[in-house]
Amino acid sequence: MATSASAYENDIKNLKATELTLGLPGTHLQQNVPIIDQEKSSASSSSNKRPLQLPHEETSPAQDCGSKCSNIAKNTDDDAAPPPSKAKIVGWPPIRSYRKNSLQEQSEAAGGIYVKVSMDGAPYLRKIDLKIYGGYPQLLKALENMFKLTIGEYSEKEGYKGSDYAPTYEDKDGDWMLVGDVPWDMFVTSCKRLRIMKGSEARGLGCAV
Amino acid sequence: MTHSGSSLPDLPNCTSTAAPMSEIRSPPPDRVLEIVLENVLHFLTCRRDRNAASLVCHSWYRAEALTRSDLFIGNCYAVSPHRATSRFRRVRSLTVKGKPRFADFDLLPLNWGAHFSPWGSALADAYPWLEKLHLKRMSLTDDDLNLIARSFPSFKELVLVCCEGFGIPGIAAVAANCRLLRVLDLVESVVEDADEDEEVMDWISCFPDGETHLESLVFECVECPVNFESLERLVARSPYLKKLRLNHYVSIPQLYRLMHRAPQLTHLGTGSFCASDDVAVGDQELDYSSAFAACKSLVCLSGFRDILPDYLPAIYPACANLTSLNLSYADVNADQLKPVILQCHKLQTLWVLDSICDEGLQAVAATCKDLRELRVFPGNTREEVEGPVSEVGLEVISQGCRKLQSILFFCQRMTNAAVIAMSKNCPDLVVFRLCIIGRYRPDPETHEPMDDGFGAIVMNCKKLTRLAVSGLLTDQAFRYIGMYGKLVRTLSVAFAGDSDQGLKYVLEGCPNLQKLEIRDSPFGDAALHSGLHHFYNMRFLWMSTCKLTRQGCQEIARALPHLALEVIDSQEDKADDHIEILYMYRSLDRPRNDAPKCVTILQ
């Protein structure tokens, strides 16, 4: 029979599952939510002020969530608090995107499948991790959000109808294909990079061969 | 008296029209002095000296304005193009910097500004003899590049660093029209991809036929394939070419051919440093080291994108002469690095990835006794991991490389002891930038904040002018900086400090502070207020996700009319007065009118 303590822990775990965050699905809450509204005297000394998570500390998920939940609650009261923890903080660490885009190790070490995404007319390339999407609908939604556009409905015969944009990808053989032409799992393993085409090209692609 | 040229408004009634020499038989007495002065001032090249000279009196001001040929504009919004070109009439070389540095990390909204166009038109009118243009973090279009290409017949040098907004057509226009071009350096700039199915313009073939004047051609950041035959022909007809930095579309066999064409090269960026896909490894292996042996003047190597470490030994023949090596795009481990680095006795500048580990740094420390600048970049930017470099590597470097002047070090763990050791072992440090990737991370051994480490740096490194701090830091760290960092000009702060007092220490204590960038730290209006006496001496102040309110900023704006306070907020109607970003800079002219909606400029 479950003790009250473990029942409480279970409740916390379930609470965590239903918690709304801005993090990407599958990522855990970042331990260090920047706290900027703490009222502290400058004379007091230091080390217990920040929620620390040293790399070698092993904290159980339940404990983590306990402290994090209270942090979140505290932060939503703060006027100037930034949005609750994302998986990555914007612009941190301070590496130019140019350099970040060139790194592969990070993606491989984390088990992610990172591909570059370009959009016609946009000055910057973006990078996404295909592993975090369950299928095409999630991927397309993410692309729409990322580039602030609508992609339209996919159909086998006619490609993407109803918008000026069509997502395409380059596969391992160097061919450019329309996203959605192959089953999702095959797509994830063969996609080298993505490109969101615009205009007449986009409409043409769906009708090809 | 300040030493910066744009901190005082122009002197009233100052028109600098020198009487043409042809009309004068013997110049009036006051003009004699001016002519002598102009001739003497020609020898003054340092802009700080020139700024000082211009403040002596009206006639020195006029003479200096007429003789300044290199103009440096540290902030494109500090002064209007018209004002700059009206004062300085005979400029041959111009440097303009635009966006604040934090724009590199996506903290500034797109379309924020720093448009080159108004400068372009002003320059075309005022300086038809313009020879050199250096732009950093500016936004320029293909039209701008076209204008540059066609407006300056003597144009020799174009350097674009961290710029964006232009594409291949713009570059092609410069190549085609600037017949005297010596330098075309595109560095870490975003060059817009052409549409995939369109033929990518072969800008390399736009250079005119015949011998070129090219001395430096840098296009590592141009993300599109180049026509290799055109490139080879260009290199073959450029006898003065010393610096060549290729993009990663150039494969190693192609590099081999280029190097044999240009054995006079001193600076080489190798491109991809792996075979292209259509050549199977093992097929016809060329002796790549012969190419490196042929280029006897090589002192600087970079590139190595997509490197196949097997090819790294090819550079051995060049190692003994190398003074600069950039492997920061190469995932190379300690065992792969060692045979290379152990030959680089003359190395002064080294950029690497942390994949070389503390062990690799040990090898560097053992061999590179002349090292002046070291940058260690992270291969993995996640906060939770144990990194491959640590305080061990930093300490070892400090013991081996006593002449170190500049360091940028990314790591996941660092101790005060190692930082203190570096402060004592490397007294020549001018630039100390330590980035502990885990935010708010204390010393893992003592669990103390990193205050003492950075304190030792400002205390012991008496030449320090640039500092970037990280890790868990209290106001005490800033107290140290205010007390000892008297020469500090640039300070970067992130996720640090306890209260307003921290920022106050810095603003009150650092008289030479010019560039201050702060993010995610608990400094508010009272702290900002404590800098009123100093803001006109600064190039800019950046504070994002701190505790500033619009009201607080408004008070500063009222107190200092020549300060532009840009408040940048992504949300429109906010319940409270707190602001996301403050970007503040001195400006002689009216607030700019090219700002996007999310920017409000307080007056």
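Predicted model: local features only at pLDDT ≥ 70, side-chain atom pairs only at ≥ 80, totals over all residues.
1. The buried residues of H15(B) are Asn416(B), Ala418(B), Val419(B), Ala421(B), Met422(B), Ser423(B) and Asn425(B). Their cover includes helix H14 (391-400), strand S15 (406-411), strand S16 (431-436) and helix H16 (451-460) of chain B.

2. Phe432(B) is worth a look next. Leaving aside neighbours within four places in sequence, Phe432(B) is in contact with Val419(B) and Met422(B), and its other contacts include Ile407(B), Phe454(B), Ile457(B) and Leu467(B). Both Val419(B) and Met422(B) are among the buried residues of H15(B).

3. Which residues touch the most other members of the largest nonpolar core? They are Trp203(B) and Phe432(B), in a core of 183 residues. Helix H7 of chain B (residues 168-177) supplies the largest share of this core, 6 residues. Apart from it lies another core, of 27 residues, with Tyr133(A), Ala142(A), Phe147(A) and Ile151(A) among them. As background, nonpolar side chains tend to be buried together in soluble globular proteins.

4. Now to the strands. Strand S6 of chain B (residues 183-187) is mostly covered, with 4 of its 5 residues buried. Strand S4 of chain B (residues 157-161) runs parallel to S6(B) and is joined to it by 5 bridges; here Leu160(B) stands opposite Leu186(B). S6(B) also pairs in the parallel sense with strand S8 of chain B (residues 216-218), over 3 bridges. In that pairing, Leu184(B) has Leu217(B) as its bridge partner.

5. On to charged pairs: the count comes to 30 salt bridges over all chains. One of particular interest joins the side chains of Arg96(A) and Glu188(B), at 2.8 Å from N to O. This pair crosses between chains, from the loop between helix H2 (61-77) and helix H3 (97-100) of chain A to the loop between S6 and strand S7 (190-192) of chain B. Arg96(A) is partly exposed, with a relative accessible area of 25%.

6. Lys156(B) and Glu131(B) make a salt bridge through their side chains, at 3.6 Å from N to O. Lys156(B) sits in the loop between helix H6 (142-151) and S4 of chain B, and Glu131(B) in the loop between helix H5 (117-126) and strand S3 (132-136) of chain B, so the pair ties together parts that are 25 residues apart in sequence. Are these two residues buried or exposed? Both Lys156(B) and Glu131(B) are buried.

7. Asp569(B) and Arg550(B) form a salt bridge too, with their closest N and O atoms 3.8 Å apart. Asp569(B) is in the loop between strand S21 (563-568) and strand S22 (581-586) of chain B, while Arg550(B) belongs to helix H20 (residues 550-559) of chain B, so the pair ties together parts 19 residues apart in sequence. Asp569(B) is buried at 9% relative accessible area, whereas Arg550(B), at 29%, counts as partly exposed. Elsewhere, salt bridges that share partners join Arg96(A), Asp104(B), Arg137(B) and Glu188(B) into one network.

8. Finally, the surface. Val32(B), Val36(B) and Val40(B) form a nonpolar patch there, with about 230 Å² of accessible area together. Val36(B) lies in helix H1 of chain B (residues 29-41) and, at 45% relative accessibility, counts as partly exposed. An α-helix has 3.6 residues a turn, so residues three or four places apart point the same way.

How values were computed:
Residues numbered from 1 in each chain as written. Chains lettered and ligands numbered in written order. Heavy atoms only, no water. Buried < 20%, exposed > 50% of the residue type's maximum accessible area, 1.4 Å probe, protein only. Helix = DSSP H or I, 4+ residues; strand = E, 2+ residues; numbered from the N terminus. Pairing = 2+ DSSP bridges. Contact = heavy atoms within 4.5 Å. Patch = residues over 30% accessible without salt bridge, like charges linked within 9 Å, V, L, I, M, F, W, Y side chains within 5 Å. Areas by Shrake-Rupley, 256 points an atom, 1.4 Å probe, with all protein chains shown as cover. Salt bridge = Lys/Arg side-chain N within 4 Å of Asp/Glu carboxyl O. Core = buried A, V, L, I, M, F, W, Y, C linked by side-chain atoms within 4.5 Å.
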